[in-house]
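Hi everyone, thanks for making time this morning. I'd like to walk you through one chain, from its overall build down to a few individual residues.

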Amino acid sequence: MDLSPETLLSAYMQGIFPMAHEDGRIYWYSPNPRAILPLDGLHVSQSLRRVLHRGAFDVRFDTDFAAVIAACAAPAPGREQTWISAELQRPYVDLHRLGFAHSVEAWQGAELVGGLYGVSIRGFFAGESMFSRCRDASKVALYYLVQHLRARDFRLLDTQFQTAHLMKVGAVEISRRRYLALLRQALAVKTAFN
């Protein structure tokens with residue numbers, strides 16, 4: 001399968017993304033409905049507000065992208081299988097080197113304890129995966145991602161599939177048709193992640 005940066009970027013710009021199955025094969029997806037997190041709709045619970053106020057994590061951007069994607073791909077309790085195969089990790093590291101893939105990282109001292117990564121094209125960000133080795137670490141990373149995207153006039157945060165966790169923080173499902181219209185609008189915005 002062609003997973004060159006050009007192919008991946010073209011796919012994302014058409015609302016398509018790759019995922020590996022348990023058998024290792026990679027397939028292209030364009031779900032209907034599609035989950036997004038409205039940038040003005042992030043739900044911040046009282047407990048998360050307290051965590052943010054305490055400053056329990058040092059949040060960084062793009063300091064160890066490879067470690068973030070490796071942690072997202074690693075098995076975890078309740079998630080023994082992952083769609084992020086070794087074959088899929090390399091193309092995203094390549095996209096990161098080219099400035100199109102980014103990580104948001106939650107650190108405690110010298111330890112990476114949570115984070116997320118995704119693909120950024122103009123005013124569009126596709127959140128790919130997140131991980132947490134410490135309570136609230138990925139939620140803090142998501143909070144900082146949303147603030148970062150809002151400050152840079154991003155228009156669309158794609159979360160691809162709805163999950164119970166994403167629903168709690170404000171993600172909603174929309175039709176593919178509506179998603180593609182929002183994607184076109186986001187790609188017309190001249191902004192950048194960095």
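One term before we start: when I say that two residues touch, I mean that they have heavy atoms within 4.5 Å. Please also keep in mind that this is a predicted model.

With that in hand, let's begin with aspartate 136. You'll find aspartate 136 in the loop between β7 and α5, the helix that covers 137-151. Leaving aside residues up to four places away in sequence, aspartate 136 touches Val51 and Phe57. Is this aspartate buried or exposed? Its relative accessibility is 13%, and the cut-off for buried is under 20%, so aspartate 136 counts as buried.

Now let's step back to the whole chain. It has seven helices and nine strands. The radius of gyration is 16 Å, close to the 16 Å that the globule rule gives for 194 residues, so the chain is as compact as a globular protein of that length. Along its principal axes, the C-alpha trace spans about 45 × 35 × 30 Å. If we take the contacts with a separation of 6 or more, 70% of them are between residues 24 or more positions apart.

In soluble globular proteins, nonpolar side chains tend to be buried together. Here the largest nonpolar core has 37 residues, and those with the most contacts inside it are Tyr12, Tyr92, Tyr117, Val119, Phe124 and Leu156. Elements giving two or more residues to this core include α1 (5-13), α4 (86-97), β6 (111-121) and α7 (176-187). Which element gives the largest share? That is α3, with six residues.

Let's stay with α3 for a moment. Its buried residues are Phe65, Val68, Ile69, Ala71, Cys72 and Ala73. Among the elements that cover them are α4, β5, β6 and β7.

There is also a second, separate core of 27 residues, which includes Leu37, Phe57, Val146 and Phe193. You'll remember Phe57 as one of the residues that aspartate 136 touches.

For contrast, have a look at aspartate 40, in the loop between β3 (34-36) and α2 (46-54). Aspartate 40 is exposed, with a relative accessible area of 70%. Aspartate 40 and leucine 149 are 109 residues apart in sequence, and their C-alpha atoms are 10 Å apart in space.

Finally, some backbone details. Most residues other than glycine have a negative phi, and most peptide bonds are trans. Where does this chain depart from that? The peptide bond from asparagine 32 to proline 33 is cis, with omega near 10 degrees, and proline 33 lies in the loop between β2 (26-29) and β3. Aspartate 153, not a glycine, has a positive phi of about 65 degrees. Aspartate 153 sits in the loop between α5 and β8 (156-160) and is partly exposed, at 39% relative accessibility. Glutamine 160 has a positive phi too, of about 70 degrees. Glutamine 160 belongs to strand β8, and at 3% relative accessibility it counts as buried.

How values were computed. Residues numbered from 1 in each chain as written. Predicted model: local features only at pLDDT ≥ 70, side-chain atom pairs only at ≥ 80, totals over all residues. Heavy atoms only, no water. Helix = DSSP H or I, 4+ residues; strand = E, 2+ residues; numbered from the N terminus. Rg over C-alpha atoms; globule rule 2.2 N^0.38 Å. Core = buried A, V, L, I, M, F, W, Y, C linked by side-chain atoms within 4.5 Å. Buried < 20%, exposed > 50% of the residue type's maximum accessible area, 1.4 Å probe, protein only.
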